[in-house]
Amino acid sequence: GHPVLVYFTADSCLNCKCNAATAIEIDATRARIKELGVRVFEGDFTDGDPLIADELKKHGRRGVPLVLVYSADSAKAPELLPVVLTPSTVDEALRRAGQR
């Protein structure tokens with residue numbers, strides 16, 4: 001019943017660090033997450049966890065970053081965000097996910 005943001009990252013991933021610093025772990029995104037009651041999960045692929053590798057493959061990716069936004073409506077498929085994020089990309093996806 002809640003929107004969910006899942007992001008898969010790794011210590012060696014420069015795009016991951018950039019996405020976090022410029023679009024995910026910023027005040028505007030934190031405020032939207034709080035406003036919409038979004039649950040946030042991070043998957044650390046630094047050590048090549050096979051469960052995360054399977055999830056990446058499932059979404060057509062061979063590596064990180066992978067950011068998925070799940071709607072509060074569990075019947076909807078998750079939205080796959082682009083490799084390089086902007087604050088507005090994340091905000092718009094969260095807004096859509098919060099709609100029923």
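Predicted model: local features only at pLDDT ≥ 70, side-chain atom pairs only at ≥ 80, totals over all residues.
Six of the six residues of β1 are buried, so the strand is largely enclosed by the rest of the structure.

The neighbours of β1 in the sheet come next. With β2, β1 pairs in the parallel sense over six bridges, and here valine 4 stands opposite arginine 39 of β2. With β3, the pairing of β1 is antiparallel and runs over five bridges. Tyrosine 7 has valine 67 of β3 as its bridge partner.

The nonpolar interior can now be considered. In soluble globular proteins, nonpolar side chains tend to be buried together. The largest nonpolar core here has 14 residues, of which Leu5, Val67, Val69, Leu81, Leu85 and Leu94 touch the most other members. Two or more residues of this core come from each of β1, α1, β3 and α4, and α4 gives the most, with four residues. Apart from this core lies another, of 13 residues, which includes Phe8, Ile52, Ala53 and Val64. Leucine 81 shows what such packing looks like at one residue: leaving aside residues up to four places away in sequence, Leu81 touches Arg61, Val67, Val69, Thr89, Val90 and Ala93.

An α-helix has 3.6 residues a turn, so residues three or four places apart point the same way. In α2, which spans residues 27–36, the buried residues are Thr29, Arg32 and Ile33. Seen down the helix axis, the buried residues of α2 fall within an arc of 100°, so they line one face. That side packs against β1, α1, β2 and α4, while the face turned away from it carries the exposed residues Asp27, Ala28, Lys34 and Glu35. Just after α2 comes glycine 37, with a positive phi of about 70°.

Helix α3, residues 50–58, has Ile52, Ala53, Glu55 and Leu56 buried. These residues cover an arc of only 160° around the axis, which puts them on the same side of α3. Their cover includes β1, β2 and β3. On the other side of α3, Pro50, Leu51, Lys57 and Lys58 are exposed. Where α3 starts, a side-chain oxygen of aspartate 49 reaches to within 2.7 Å of the backbone nitrogen of leucine 51.

Finally, the cysteines deserve a look. A disulfide is a covalent bond between the sulfur atoms of two cysteines. A search of the whole structure finds one disulfide, and this bond joins cysteine 13 to cysteine 16, with an S to S distance of 2.4 Å. The link is right-handed, with 80° about the S-S bond, and both cysteine 13 and cysteine 16 are buried. Cysteine 18 is partly exposed, with a relative accessible area of 38%.

Conventions
Residues numbered from 1 in each chain as written. Heavy atoms only, no water. Disulfide = S-S within 2.5 Å. Buried < 20%, exposed > 50% of the residue type's maximum accessible area, 1.4 Å probe, protein only. Arc of directions from axis to C-beta. Contact = heavy atoms within 4.5 Å. Core = buried A, V, L, I, M, F, W, Y, C linked by side-chain atoms within 4.5 Å. Pairing = 2+ DSSP bridges. Polar contact = N/O pair within 3.5 Å; in protein donor to acceptor, adjacent residues only side chain to side chain.
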